[in-house]
Amino acid sequence: MGISVNKIFDNVTWVAIPGRDEFFRGGLATQQTLDRDFYETTIRRATAAGWFRGVGIKDTVMRERPRDTSAEEFVVRHSIGTDFALNFARTAYSARLPMSRDAIGKVVAYLNTTNASAQTSGYIWNMYTNNCSHVAHNALAAAGVWDPKVARGPGALNVARDVVSVARALALSQMSDFSFPANNFVRLYEAGNTRPVDDALAGFRNHDVRRTMSDGWMSTGPGALIASYPIHDPKLNQLFSLGRDPFLFSVPMLWDKADRYQMLTRDPPSTVTDLAANLAYYRERYTKTLAKQRSLDEEVGFLNAGENEEEFRTFRGRFYEYIAEELKRTDARLAEYRRLVS
């Protein structure tokens with residue numbers, strides 16, 4: 001399912017579009033021409049499918065509806081290229097994060113709660129304090145991937161609160177309450193690939209790793225890939241032209257995400273784009289983690305003042321048991337993958 005948020009929504013926060021092809025491509029084949037006829041056909045198909053049935057939008061937008069256009073079709077016309085058929089108008093960058101079934105259940109529960117809330121009190125979008133990426137971020141936070149962000153209503157006071165949250169985040173090496181799609185992409189890549197899973201003590205000191213480990217999983221692991229879904233070929237696209245990259249919030253020297261974004265979108269390593277390379281990388285990584293583990297007494301000796309020894313002992317046992325099980329699963333997955341492609 002593709003989940004999308006649109007600032008014009010009123011009685012929902014998000015809509016769900018079935019299938020990757022419809023969500024990204026709108027049913028358009030790679031060698032087809034995107035012209036006005038195909039565009040209109042896609043609108044009619046989406047309207048008939050009922051994906052937006054019952055979805056209300058802001059009155060200021062709905063008042064623009066032509067008399068001969070149904071309310072549902074009007075919503076679809078304002079959603080194509082944004083909530084579905086994304087590649088008609090834009091390139092989408094995606095970070096994939098393997099999650100446990102329980103974790104996915106928490107994401108689903110959070111999303112359903114946000115739509116239930118919008119049913120009673122409406123959805124209030126704001127560029128800085130409550131945009132589409134806040135919803136995605138907090139859905140993953142519900143599963144323990146990272147800390148949640150505060151989504152605030154409009155107004156100068158709330159923007160000021162977000163600015164304060166940025167200052168606090170820089171001072172304390174935490175996340176601010178600002179949220180932007182390009183930053184979510186980079187952060188999700190980091191959650192899937194760069195967290196400390198090579199050493200129990202380092203993992204214990206990372207509160208995101210500790211949080212998910214207490215639920216029996218870790219976000220950094222095999223299958224954490226990135227993918228891009230490019231805008232339809234400009235030579236075959238009669239309706240939209242290639243635009244600029246999305247806005248990325250970055251602070252050079254302190255909180256620099258720009259270089260990592262450029263790497264991921266321009267020249268990513270095969271370990272995050274190719275499943276075989278990814279599985280082989282994690283098999284090697286897990287093997288080294290188990291091979292270099294220190295004794296329990298030695299690791300306890302490295303604890304800092306204020307770090308709870310009993311909590312570490314419990315975490316360490318779970319950590320290395322999880323790594324050993326993941327190594328077995330990764331070996332099996334790699335063997336199965338090679339069998340399927342041979």
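Contact here means heavy atoms within 4.5 Å. Helices (H or I, at least four residues) and strands (E, at least two) are DSSP runs, numbered from the N terminus. The model is predicted: local features need pLDDT of at least 70, side-chain atom pairs count only at pLDDT 80 or more, and totals for chains, interfaces and linings use all residues. Residues are numbered from 1 along each chain as its sequence is written, and side-chain values use heavy atoms, without hydrogens and water.

Start with the helices. Lys106, Val107, Tyr110 and Leu111 of α5 touch Val135, Asn138, Ala139, Leu140 and Ala142 of α6. The axes of α5 (residues 101–121) and α6 (residues 132–142) come within 7 Å and cross at roughly 135°. Because angles under 35 degrees count as roughly parallel, over 145 as roughly antiparallel, 65 to 115 as roughly perpendicular and the rest as oblique, α5 is oblique to α6.

Now the rings. Rings of Phe, Tyr and Trp (its six-membered ring) pair if their centres lie within 6.5 Å; planes under 30 degrees apart count as stacked, over 60 as edge-to-face and the rest as tilted. The whole structure holds 16 aromatic pairs. In one of them, Phe38 and Phe88 have ring centres 6.2 Å apart and planes at 65°, so they sit edge-to-face. Phe38 belongs to α2 (residues 36–49), while Phe88 lies in the loop between α4 (71–79) and β3 (92–95), 50 residues apart. Buried means under 20% relative accessible area (1.4 Å probe, protein chains only). Phe38, at 14%, is therefore buried, and so is Phe88, at 1%.

Elsewhere, Phe204, Phe312, Phe315, Phe319 and Tyr320 form one aromatic cluster.

Definitions and conventions
Buried means under 20% relative accessible area, exposed over 50%, partly exposed in between (1.4 Å probe, protein chains only). Axes are lines fitted to C-alpha atoms, for helices over the stretch in contact, and angles run from 0 to 180 degrees between N-to-C directions.
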